[in-house]
Amino acid sequence: EQTLTDASTISWDVGTSPVSKVTITDNRTLGAATNAQTGQFVSLLVIQDGTGSRTLGYNTAWQFVSASVPTLSTGASDVDLLTYMARSATTIDVALLKNFDR
């Protein structure tokens, strides 16, 4: 499990870090994945900091069921699990498990 760097736009090389986590300390955007391979499955734990109420936006490469962008759990230290399947190198399908208990 690779720890990603928290930044205004979170970068993720899914080719080298397909299973990752990030603790967000402010409202963030998940940038487009790099080095995705068609058919690849990857996962990302998104952890709220001790304050919570942080939001996560997504680059347009991330595609959601019914085009409905999910809202993260917002409690302090809440953990959500985003799972992804690369439909192509530039389009990633996403599912969200909210308030995941690690």
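Start by selecting strands S8 and S9, which pair in the antiparallel sense over six bridges. Strands here are DSSP runs of E with at least two residues, numbered from the N terminus, and two strands count as paired if DSSP finds at least two bridges between them. S8 covers residues 79-86 and S9 covers 92-97. Together S8 and S9 make a hairpin, with five residues between them.

A quick word on what you have open. This is a predicted model, where local features need pLDDT of at least 70 and side-chain atom pairs count only at pLDDT 80 or more, while totals for chains, interfaces and linings use all residues. Residues are numbered from 1 along each chain as its sequence is written, and side-chain values use heavy atoms, leaving out hydrogens and water.

**Stop 1**

S5 and S8 run antiparallel and are joined by seven bridges. Find Ile 47 and you'll see Val 79 of S8 opposite.

Now bring in the rest of the sheet. Its six strands follow the order S1-S3-S5-S8-S9-S7, the sheet is open, and the pairing is mixed. At the edges sit S1 (2-3) and S7, each pairing on one side only. S1 and S3 are joined by two bridges and run parallel; there, Gln 2 has Ser 20 of S3 as its bridge partner.

How enclosed is S8? Six of its eight residues are buried, so S8 is largely enclosed by the rest of the structure. Buried means under 20% relative accessible area, exposed means over 50%, and partly exposed is in between, using a 1.4 Å probe and protein chains only.

**Stop 2: the nonpolar core**

Next, select Leu 44, Trp 62 and Tyr 84. In the largest nonpolar core, which has 22 residues, these three touch the most other members. Such a core is a set of buried Ala, Val, Leu, Ile, Met, Phe, Trp, Tyr and Cys residues joined through side-chain atoms within 4.5 Å. In soluble globular proteins, nonpolar side chains tend to be buried together.

Zoom in on Tyr 84. Not counting residues up to four places away in sequence, Tyr 84 touches a list of residues that includes Trp 12, Leu 30, Phe 41, Leu 44, Trp 62 and Ile 92. Touching, or contact, means heavy atoms within 4.5 Å.

**Stop 3: the rings**

Show the aromatic side chains. The structure holds four aromatic pairs. Rings of Phe, Tyr and Trp (its six-membered ring) pair if their centres lie within 6.5 Å; planes under 30 degrees apart count as stacked, over 60 as edge-to-face and the rest as tilted.

Which kind of pair do Trp 12 and Trp 62 make? Their ring centres are 6.1 Å apart and their planes are at 20 degrees, so the pair is stacked. This pair links distant parts of the chain: Trp 12 is in the loop between S2 and S3, Trp 62 is in strand S7, and they are 50 residues apart. Trp 12 is buried at 2% relative accessible area, and Trp 62 is buried at 4%.

Then click Tyr 58 and Phe 64. Their ring centres are 4.8 Å apart with planes at 70 degrees, so this pair is edge-to-face. Back at Tyr 84, ring pairs link Trp 12, Trp 62 and Tyr 84 into a cluster.

**Stop 4: the three-stranded sheet**

Select S2, S4 and S6, which form an open sheet in the order S2-S4-S6 with parallel pairing. The edge strands are S2 (9-10) and S6, each pairing on one side only. S4 (28-30) and S6 pair over three bridges, with Arg 28 opposite Leu 56 in S6.

Is Arg 28 buried or exposed? Arg 28 counts as buried, at 13% relative accessibility. Its side chain reaches the backbone oxygen of Ala 7 at 3.2 Å.

**Stop 5: two serines**

Finish with Ser 53, in the loop between S5 and S6, and Ser 77, in the loop between S7 and S8. Ser 53 is exposed at 54% relative accessible area, whereas Ser 77 is partly exposed at 46%. Their C-alpha atoms are separated by 9.7 Å. Phi is near 65 degrees in Ser 53 and about 65 degrees in Ser 77. Most residues other than glycine have a negative phi.

Notes: Helix = DSSP H or I, 4+ residues; strand = E, 2+ residues; numbered from the N terminus. Polar contact = N/O pair within 3.5 Å; in protein donor to acceptor, adjacent residues only side chain to side chain.
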